[in-house]
Amino acid sequence: MYRFIKSSTKFKLLCRSKTLYRSAQSPYSPNSILGKEDSSFIHKSKLESWNQSSVRSYSRSSSSESDSREAINYDVVIVGGGPAGLSAAIKLKQLCQQKDADLSVCVVEKGAELGAHILSGNVFEPRALDELFPHWKQEEAPIDVPVTSDDFWLLSKNRAFSLPSPFHNKGNYVISLSQLVRWLGQKAEELGVEIYPGFAASEILFNEHNEVTGIATNDMGVAKDGSRKENYQRGVALKGRVTLLAEGCRGSLSEKVIKKYNLREKGQGQHQTYALGIKEVWEIDVEKHQPGSVLHTLGWPLDQKTYGGSFLYHMKDRQVAVGFVVALNYHNPFLNPYEEYQRFKRHPAIRPLLEGGIVLQYGARCLNEGGYQSIPYPVFPGGAIIGCSAGFLNVPKIKGTHTAMKSGMLVAESVFSTLQEGLKIEKFWDNLRSSWIWEELYTARNYRPAFEYGLYPGLAISAVEHYILKGRSPVTLKHGKPDHEATSEAQVFSPIEYPKPDGAVTFDVPTSLYRSNTNHDHDQPSHLLLKDPTVPENVNLPKYAGPEARYCPARVYEYIPDETGDLKLQINAQNCLHCKACSIKDPRQNIEWTVPEGGGGPGYTIMPRYF
């Protein structure tokens, strides 16, 4: 089917991946969950097989899309090495084994290593994993802390009121999702999937029929002024008969494809709505640690019109994931999600747990909260969108890993039938709607929009939905305004005075940012683009008091006085946590988030600590 090639192109990718993997190691993480001997599992098998130039039948050519870009052809190209992308790759290879077929599958991941952009601490529902690997316990999956308690509190400023827990976490596990992704990566490699960490997919490739034919990685070694540095490397085209986008929430390529092919309108029709999740992983005193303990809260410090809450998950090795989620349809432009999180940790029911502990890691990421109403039609000419790129998060459960994995498995079945039997990939849409994903999201569809009416009406409607109607309401509630339109003008609010950090439980942004292991090459073009560079000073600052300086949890955006004393927006792109909040919350949608050089960004590699 494809012409044979030399292994030089793939060997370059290998070398680049290996360099990035080594540079990503942090003082908080051993080499891998597998130990030092196996730390290069993402690369070792390639090094052995790629030296045999006839092992695979890929082509090498100059891509017509741009000058002298080398191309590698696969049957399936997957963008994103998270739960959805890896589950799709694994399921495809499992089907190949079952049906005695041979499909080439590659996964490209912008993080320096698998799991580098996934912050640890997750309550995991193993439903999809049970289907993918029925014997995962015997196969030493890093899942060994069952949920032991499941509490739900409503917070006032000084008190915590216990409510019935609606989360049903019996049978679930508290895990490090970063570790689970690495384990899935190992399983994918064992099945023959080729994984390229440290490469950012920056461009969708099309043919003359307007069909997607693959992706291109961005160029490496480009200076801030656009010139080519000594280490310049042209990006590579990864061509696929099918391309799957599994980039996570607000994926840059996924959003372009959704817009180009009107997939939102072809699906459930409503816009997506988002929240910003901020998380720390703490190591606390052993006498306070309760492995498997799960706590969620609503209420303080957020006002009654702002949806959000917190979670505390006790993992193993005295580690606790402490997180805070703020819906991005909040109205007050002076609200600062990072500072609200710091306030939350001061609550008298929370602070005693953290006192005397240390923070191991910090990070932030946006979440899809649109649910059933916002699911786009997931199939486009040449591929499909899966996982959180499509938006399968179950909001009342605060879980999306199991649904992301299942979506990857479902699309793999459709892709296999397409490539081997000639069936249409559109079958994925039918399979999705007849799966337990659809049933689960339909049942949960009214919880999130119920809080458009405020905290207490939202709780009341949610209680009726959960305990009486059980998801069978004859009405499907709609979401309010898109998040960027929900921001009110600053003149109707007063600035919020937040307390100064104490350095024990609360911290300033630079301290937290250091704990994220974030790293970008400073000498590269900014990946945060202003569509109109005049909007910050002419619109955002006078009308909204410069909200980008507050909604960003990494101080990427700052208003700095120039030589005349006028405030000008400064973009510190090297601080970026890849949370995507700026592309969502900017009132004029003036910020375009694009991928930086592959391997850049946060390094979420928390591992169990061995003593």
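In this predicted model, H479 is placed in the loop between α14 and α15 (483-486), where helices (H or I, at least four residues) and strands (E, at least two) are DSSP runs numbered from the N terminus. The model is a predicted one, in which local features need pLDDT of at least 70 and side-chain atom pairs count only at pLDDT 80 or more, while totals for chains, interfaces and linings use all residues. Residues are numbered from 1 along each chain as its sequence is written, and side-chain values use heavy atoms, with hydrogens and water left out.

H479 counts as buried because its relative accessibility is 11%, the term buried meaning under 20% relative accessible area, exposed over 50%, and partly exposed in between (1.4 Å probe, protein chains only). The side chain of H479 reaches the backbone oxygen of G370 at 2.8 Å, which falls under the heading of a polar contact, that is, a pair of N or O atoms within 3.5 Å; within protein, one must be able to donate a hydrogen and the other to accept it, and residues adjacent in sequence count only if both atoms are side-chain atoms. When residues up to four places away in sequence are not counted, H479 touches Q270, H271, T273, E369, G370, Q373, S374, R448 and P449, a contact being defined by heavy atoms within 4.5 Å.

The protein as a whole comprises 19 helices and 23 strands, and buried residues make up 61% of its 611 residues. Among contacts between residues at least 6 apart in sequence, 78% join residues at least 24 apart. The accessible surface comes to about 24,300 Å², of which 50% belongs to carbon and sulfur atoms; such areas come from the Shrake-Rupley method with a 1.4 Å probe, and for residues only the protein chains shown count as cover.

Several helices may be described in turn. Helix α8 (residues 337-345) is mostly covered, with 8 of its 9 residues buried, and among these are P337, Y338, F344 and K345. The N-terminal end of α8 is capped by N336, a side-chain oxygen of which lies 3.0 Å from the backbone nitrogen of Y338. Helix α6 (residues 252-260) contains S252, which is buried at 13% relative accessibility and which, leaving aside neighbours within four places in sequence, is in contact with E247, K580, W593 and V595. S252 and S389 are 137 residues apart in sequence, yet 9.1 Å apart in space, C-alpha to C-alpha. After α6 comes N262, whose phi is positive, near 55°.

Helix α14 (residues 455-469) holds Y467 and also S462. S462 is buried, with a relative accessible area of 9%, and is in contact with Y447, A450 and F451 once neighbours within four places in sequence are left aside. Y467, by contrast, is partly exposed, with a relative accessible area of 44%, and together with V464 and I468 makes a nonpolar surface patch of about 300 Å². Patches are made of residues with over 30% relative accessible area and no salt bridge, like charges being joined within 9 Å and nonpolar side chains (Val, Leu, Ile, Met, Phe, Trp, Tyr) within 5 Å.

Side chains of opposite charge can pair when their charged atoms come close. A search of the whole structure finds 21 salt bridges, each being a side-chain nitrogen of Lys or Arg within 4 Å of a carboxyl oxygen of Asp or Glu. One of them joins R241 and D75 at 2.9 Å, N to O; R241 lies in strand β12 (residues 237-245) and D75 in strand β1 (residues 71-79), so the pair ties together parts that are 166 residues apart in sequence. Of these two residues, R241 is partly exposed at 33% relative accessibility, whereas D75 is buried at 7%. A further salt bridge is formed by K406 and E131, with the closest N and O atoms 2.7 Å apart; this pair links helix α10 (residues 401-421) with helix α4 (residues 127-132), the two residues being 275 residues apart.

A disulfide is a covalent bond between the sulfur atoms of two cysteines, and is taken here as a pair of cysteine sulfur atoms within 2.5 Å. By this rule the count comes to 0 disulfides. The sulfur of C249 is 5.7 Å from the closest cysteine sulfur, in C366, which is too far for a bond. C582 is likewise in no disulfide, the nearest cysteine sulfur, that of C576, being 6.3 Å away.
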